[in-house]
Amino acid sequence: MSGINTSQYSRYQSKVARSRATSEPAWVRYLLIGIALSFLSLFLFVPLAAVFTEALRKGFDTYVTALSDPDAFAAIKLTFLAAVIAVPLNLVFGVSAAWAITKFEFKGKSILITLIDLPFAVSPVIAGLIYVLIFGAQGWFGSYLIDNDIKIVFAVPGIVLATIFVTFPFVARELIPLMQAQGKDEEEAGLVLGASGWQILWRITLPNVKWGLLYGVILTNARAMGEFGAVSVVSGHIRGLTNTMPLHVEILYNEYNYAAAFAVASLLALLALVTLALKTFVEWRAARDASLSENASQ
Amino acid sequence: MSIEIRNIKKNFGQFSALNDVSLDVPSGELVALLGPSGCGKTTLLRIIAGLETPDSGNILFYGNDATERQVREREVGFVFQHYALFRHMTVFENVAFGLRVRPKHTRPNEAEIKRRVHELLNLVQLDWLADRYPPQLSGGQRQRIALARALAVEPKVLLLDEPFGALDAKVRKELRRWLRRLHDELHITSIFVTHDQEEALEVADRVVVINKGKIEQIGSPQEVYDHPVSPFVYQFLGNVNQFDSHVHNGAAKIGEVNLKIDAHPDTQNSPALAFVRPHDIEIYNEQHPEKLGFEAIVRYVNAVGPLVRVELERADHTELVEAELTQERFRELNLTAAQHVFIYPRNVRVFLKGDNAGA
């Protein structure tokens, strides 16, 4: 979960690998690289290529038609809507949780840290079921919601809630180790210089963790768009209304509409690739900043 | 601004960091809080700044109670041990920070900020570093920028936490003198925390020796060095030889020798600790006809520097004694290891056991 932290050492590691004294014989190196590469091709590159070939098998026109189908378009819209709501909320939650955990001492801190990890620990299906149990027709608030004509489960709010639940650890998990390492000296310095809490947050804390924060947001976004299990339980699979992209792919596939299924899947795969590219860029920038200041201080 | 510290107590869980500490710092003075690590000196400094709250007791600024006052309203400048410069801001922005975060009606305009920052950077002689980032500076430079940043808000008190702790010996010495000169120019009430007695004795107007959450002694550097009031202060300020002794009728008996002392004329047969500074140990090749002393064997000689340090063992093999003598005297005596000599302690200070008040 601390990609930013480890990547800062990649420069150092590459230096070590280059030194002849510590490197393995050539055949060992090629064997290891070969194993890693064939594993990657078998389990990652081939499926990825398959998605795009299957999507385009019946020609580009079919591909475009499949994507511009109103149901597919609704699924894309809903996926983005869920992400657009979940990501900012989890950004705010993640920053405040990390701030509270790293800058203050209070009782129950370790419980809070454990609770943040809960969505990682429970199966997403259970996460979805929780919301069905709370807001469903037979659930705790079921009768109240029905009386007031509020729909949560099997509607858009349920999907957004489930998405928020499964993605809320990412930002906090990314920030906590980073902010712990930085300590609270700079914040105290700001305080003595007369800054208010807001000024300290905006001018000192956030600029110091910006790359870690961005990294957490990218991970949150990727998960929000790709989530299947939790969303599947609360969705109800109503076409054009409560289907997100991953759910829509499943429905199309179950109907033997492979071309359309792969077309939507290819869009998800594309999103994943963009996410990876962004993630790599952020890691590279963070590592560059870190090594710049390291070199300068030597 | 004068500071009064009244009966401050602070516990961290079971650990008592400060136990009923009271201290007056007159306006314009440079005071050192001196003590071993963990003695509570940094906690006291942070309480004065408002970064920690005392469990009980009061802090008065100019006679007004400031105990409940928020950190940002205390008008203190704080220099952190590791400087805590804002790593993502240039040196200029670091120094300007305190001015920029002011509420609109008291915030100076951009031109004024620029003028003030450059004035401060000139004061610490680092104006040429304005566009650098903190990680690009050396330790001594960071230290001075941290000081400039603290001064930017025109504090009434300057608090420095181990200001020279993270620097190498040479830079440390230079900065120490520079801080003293700066204080003489600005006359701002300053308190700094240090565990280095040399630093405290050289820089401060007054030294406050703290041990285990209590103040042991307050006085000018001369006073605390020449007249320590407790065994702890004696040992903490400079090298010292410690002898087990018995005090009886105005004399301290060390081994088989009765040394006359000025204190404790009426004490009868009480166990005590006797202290002698290494430079108060006289060495002779022959037994002195009048003086009282011990026979000893030279164990080790270190003749580097203006003073020669000699380690001796008493002939009765009970205690090791350290002595310091001038190069001139050293050549006269022609000391070598394993040589038998006679040592005569001067200025013996005696503290009765179980009585910290001393003589």
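This passage describes confidence in chain A, then a sheet and a pair of helices in chain B, of a predicted model.

In chain A, the mean pLDDT is 84, and 91% of the residues reach 70 or more. Among the elements of this chain, helix 12 (residues 185-192) of chain A has the highest mean pLDDT, at 92, while helix 1 (residues 3-7) of chain A has the lowest, at 45. Over residues 1-10 of chain A, pLDDT stays under 50; for this stretch the model has 22 contacts beyond four places in sequence.

In chain B, an open sheet is formed by six strands in the order 6-7-8-3-9-10, with mixed pairing. Strand 6 (76-79) and strand 10 (214-219) of chain B each have a single partner strand and stand at the edges, so one side of each is left without a neighbour in the sheet. From one strand to the next, the twist averages 15°. Within the sheet, strand 3 (residues 30-34) and strand 8 (residues 189-194) of chain B run parallel and are joined by five bridges. Val31(B) stands opposite Ile191(B) of strand 8.

Helix 4 of chain B lies across strand 6 and strand 7 (157-161) of chain B, and runs at about 165° to strand 6. Helix 4 (residues 139-152) of chain B also comes within 9 Å of helix 3 (residues 110-123) of chain B, as taken between their axes, which cross at roughly 140°. That angle makes helix 3 of chain B oblique to helix 4 of chain B. The crossing of the two helices is right-handed. Arg116(B), Leu120(B), Leu121(B) and Leu123(B) of helix 3 meet Ile145(B), Ala148(B), Leu151(B) and Ala152(B) of helix 4. By class, this contact has seven nonpolar residues, one charged residue and no polar residues.

Conventions. Residues numbered from 1 in each chain as written. Chains lettered and ligands numbered in written order. Predicted model: local features only at pLDDT ≥ 70, side-chain atom pairs only at ≥ 80, totals over all residues. Heavy atoms only, no water. Axes fitted to C-alpha atoms, helices over the stretch in contact; angles between N-to-C directions. Helix = DSSP H or I, 4+ residues; strand = E, 2+ residues; numbered from the N terminus. Parallel < 35°, antiparallel > 145°, perpendicular 65-115°, else oblique. Left-handed = near helix turned anticlockwise from the far one by under 90°. Contact = heavy atoms within 4.5 Å. Nonpolar A, V, L, I, M, F, W, Y, C, P; charged D, E, K, R; others polar. pLDDT = per-residue confidence, 0-100. Pairing = 2+ DSSP bridges.
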